[in-house]
Amino acid sequence: MAVGSKELRPEELDTFEDQRLLDELKRQKEELFNLRFQDATGQLDNHGRLRAVRRDIARIYTVIRERELGIRATPAPIEVPSKKKASKKAEKEPAEAAASEETA
């Protein structure tokens, strides 16, 4: 059984966009800092969590590097459906502005 977070399996990291990977990396580093701080003060209950977080960070770095080298594919960006036609009022306004310029 692999050590690490259930939500950061390599298959799931493949679906993350680059920005989300960087955000997740930042979150994991903050958690590692907090865990090391708790360990130093004697408040840490689960020492296995330190190992799991370190491995999660390594997985994220691996995915980022593999994408840079072209070994692992970057997920296609999700297209946001564009708004349909603009309202009739918005279409008329430029025409009205052009007409008012011609009369001036």
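Guide: Gladly. The term salt bridge is used here for a side-chain nitrogen of Lys or Arg within 4 Å of a carboxyl oxygen of Asp or Glu. Asp 56 and Arg 59 are three residues apart in helix 3, so about one helical turn separates them. Asp 56 counts as buried, at 0% relative accessibility. For burial, the cut-offs are under 20% relative accessible area for buried, over 50% for exposed, and partly exposed in between (1.4 Å probe, protein chains only). The areas themselves come from the Shrake-Rupley method with a 1.4 Å probe, and for residues only the protein chains shown count as cover.

A word on the basis of these values. This is a predicted model, in which local features need pLDDT of at least 70 and side-chain atom pairs count only at pLDDT 80 or more, while totals for chains, interfaces and linings use all residues. Residues are numbered from 1 along each chain as its sequence is written, and side-chain values use heavy atoms, with hydrogens and water left out.

Now along the helix itself. Helix 3 covers residues 48-69; helices here are DSSP runs of H or I with at least four residues, strands are runs of E with at least two, and both are numbered from the N terminus.

Arg 36, Arg 51, Arg 54 and Arg 55 form a positive surface patch, to which helix 3 gives the most, with three residues. Patch members have over 30% relative accessible area and no salt bridge, with like charges joined within 9 Å and nonpolar side chains (Val, Leu, Ile, Met, Phe, Trp, Tyr) within 5 Å. Lys and Arg count as positive and Asp and Glu as negative, leaving out His and the chain ends; each charge is placed at NZ of Lys, CZ of Arg, CG of Asp or CD of Glu. Arg 54, in helix 3, is partly exposed with a relative accessible area of 48%.

The largest nonpolar core has 14 residues, and Leu 13, Leu 21 and Ile 60 have the most contacts inside it. Helix 2 (18-41) and helix 3 are the elements that give two or more residues to this core, and helix 3 supplies the largest share, six residues. Such a core is a set of buried Ala, Val, Leu, Ile, Met, Phe, Trp, Tyr and Cys residues joined through side-chain atoms within 4.5 Å.

Finally, the setting. The chain has four helices and zero strands, and 20% of its 104 residues count as buried. The salt bridges come to nine, including one between Arg 9 and Glu 11 at 3.8 Å.
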